[in-house]
Amino acid sequence: MKNLKINFLCAVTILLFASCNKKEITFSDPLITNRDTTLNPGDNFFYYANGGWFKRNPIPSTEKSNGIFRTIGDTINSQIKQICEKAAADNASAKGSNKQKIGDFYASGMDTIAIEKAGISPLNNELKAIETINNIPSLMTTIAHLHTIGASPAFSFYLSQDDKISTKYALFFGQGGLGLGQRDYYFNTDIETVQIRNEYVKHLQAMSKLMGNDEAESLKSALSIMNIETDLAKASRKLEALRDPIKNYNKMSVSDFNKLTPTISWTSVLVTLGAAKADSVIVGQPEFYKSLNELVKKNSIQDWKKYLKWDLVNSYASYLNQSIEQQNFKFYSTVLNGVSKQKPRWKRVVGQTDSSLGELIGQVYVAEYLPKGSKEKLLEIGNNIREVYALHIQKLDWMSDITKQKALHKLNKIVMKVGYPDKWKDMSQLKIDRNSYCSNVMKANAWEYNYMISKYGKVVDRSEWSMNPQTYNAYYNPSNNEIVVPACNILVPGFEGRMPDDAILYGIIGGSTFGHEITHGFDDQGSQYDENGNLNNWWTPEDLKKFHEKTKLIVSQFNEYTILGDKHINGDATQGENIADLGGVVMGFEAFKKSKQYKSKQKISNLTPEQRYFLAYGYAWMVNIKDEALASQIMTDVHAPAQFRINGPLSNNVDFYKAFNINKNDKMFRPEALRVVIW
């Protein structure tokens, strides 16, 4: 790490030498410039740490939010744009090569003349197939086929590891089929949600007209679709109820699944889904399928055709002609998220190229754009977090020794995948050309589906990644007992071309990334999986009771938080992420304590190491979001809004209290008896 010194402007200065000439470059320190010092850090640390940046950087009209995720995303998207444009301009690239696929996919998305001329025709074959439905068996076969090309009508279906036998793949059937995403949109009675429902019906009607129907038929179609979706929603579980892996694990033979729904032959559906040899399935919500069995009889075949055509067009609206694309944007971006203007086309196409061909782009990104040493630095931080985590578990006063040993065993076996995969997916069978953007997306979706379903009956490949190295995110997979941290997580805005100090690295990468993801292995869901990734209780009854008492406290804490006047955070639905945030900020700080910067009590920009750490943690969730998007988030997302991901865990943290002299007169102060301490 380069040596840092402080000047009176609270800027970080680095001395660089070129030949014999000394050149001084002054960098501003984001932890200083991001702040709003008119605020008391003990009243609202989220806005204290980030409010200055928010004032200077309002949310663009093309975005639902602004902050660190968009800043880093813009950097990565600019790099991906270069990859795409270079590939598109290379006419000599071999057919079937990665460069040809990337270039042709991007070029097809930028060819608005061809897209406009094609209109809805790329979907014609599928629309004609829907029109041939004449009974319930053909209805279910068509629904199954649509799942194989990227649509998702009537229910959800996917292949993943069996929660109780992590060495085997299983087929999962769950609730789904909702154009509004979550059941509560169909039933909540507050003014905003009622208005969204009304706008949704108008949107369904507008889309039907764009599909070629007249005014009367479009209204009739919209109401039919809304009726079907409302019935599907009525049979669906609430967001928080989906968090229980035991209650959402209902394994049964295919014959028993058929008995559950006498009108529907899942044996036939599985043939179309490409899993004819399946002998068992895992049904997440059996009551949903009992209801679906009645709904396929209750609603006419004609109404189901309208619903399926809608679901197909809705799935591909972003890749069709301008009128359909803009109507889709109007509802899903403007009405639901408050975004008034579309992003430039290149950004939309770059995003979709990355989504469809992410592993191909990832190979170029790693080779040409990833800072050297990123993988090694990430692994170093991750291992340091794991080390202090073990020390914390050993010192827990609420857990017995027998459970501690099992927790330590699980912690020790957590696999850390950092940077990028050791091997890339073979996408040689995916054919891409410049003829049709929509068709390219459909072919990529079909390839992804076939790749997924082809794993059925094979040995689980635990080396596989579910995220690309250029994706600024991370995840914990309980079935593999692994955390995956893509390479671009090393990026910190404001520190381009230089290594941030350890307080920042451990606040952002250590606390909000590695510490957060490791804690997911010990949150309300992850704690139910053993060291091998199996849904298997490893707790003593007494320890499990104490753990649940602690998780109830964090649920209660977050239930108290309100936004937009009187809208409460859903403490039950968000508890897993809240537990992970709490554990993450604690473990990141403990690991930071072992650094030279912390031990030397070195001040940077007149901030103590402790202050820099917590400001960096605040920087990790520097996200300002529009009211509409915020309202949508608390209904549909298991993550609490960004300000509570900062203020929530920090209000329980004694080291934070000391660093900023928090006292009982501050709004974030919580009496010691109410502070939540878990890991």
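Here are some questions and answers about a few strands, cysteines and helices in this predicted model.

The model is predicted, so local features need pLDDT of at least 70 and side-chain atom pairs count only at pLDDT 80 or more, while totals for chains, interfaces and linings use all residues. Residues are numbered from 1 along each chain as its sequence is written, and side-chain values use heavy atoms, with hydrogens and water left out.

Me: Is strand S11 (residues 482-486) largely enclosed or exposed, and why?
Reply: Strands are DSSP runs (E, at least two residues), and helices are runs of H or I with at least four, numbered from the N terminus. Buried means under 20% relative accessible area, exposed over 50% and partly exposed in between, with a 1.4 Å probe and protein chains only. Five of the five residues of S11 are buried, so the rest of the structure leaves this strand largely enclosed.

Me: Which residues of S11 point the other way from Glu-482, Val-484 and Pro-486?
Reply: In a regular strand, side chains alternate between the two faces of the sheet. Here Glu-482, Val-484 and Pro-486 point one way, and the other way point Ile-483 and Val-485.

Me: In S11, what is the bridge partner of Met-416?
Reply: Two strands pair if DSSP finds at least two bridges between them. Strand S9 (residues 415-419) pairs with S11 in the parallel sense over five bridges. The S11 bridge partner of Met-416 is Ile-483.

Me: Which residue in the turn between S10 and S11 has a positive phi?
Reply: S10 (residues 475-477) pairs with S11 in the antiparallel sense over three bridges, and Asn-477 has Glu-482 as its bridge partner. The two strands form a hairpin with four residues between them, and the one with a phi of about 45 degrees is Asn-481.

Me: How many disulfides does a search of the whole structure find?
Reply: A disulfide is a pair of cysteine sulfur atoms within 2.5 Å. The sulfur of Cys-84 has its closest cysteine sulfur 16 Å away, in Cys-488, so that's too far for a bond. For Cys-438 the closest is 18 Å away, in Cys-84, again too far. The search's total is zero.

Me: How are helices H9 and H13 oriented to each other?
Reply: Axes are lines fitted to C-alpha atoms, for helices over the stretch in contact (heavy atoms within 4.5 Å), and angles run from 0 to 180 degrees between N-to-C directions. Angles under 35 degrees count as roughly parallel, over 145 as roughly antiparallel, 65 to 115 as roughly perpendicular and the rest as oblique. The axes of H9 (residues 215-234) and H13 (residues 301-316) come within 9 Å and cross at roughly 90 degrees. That makes the two helices roughly perpendicular.
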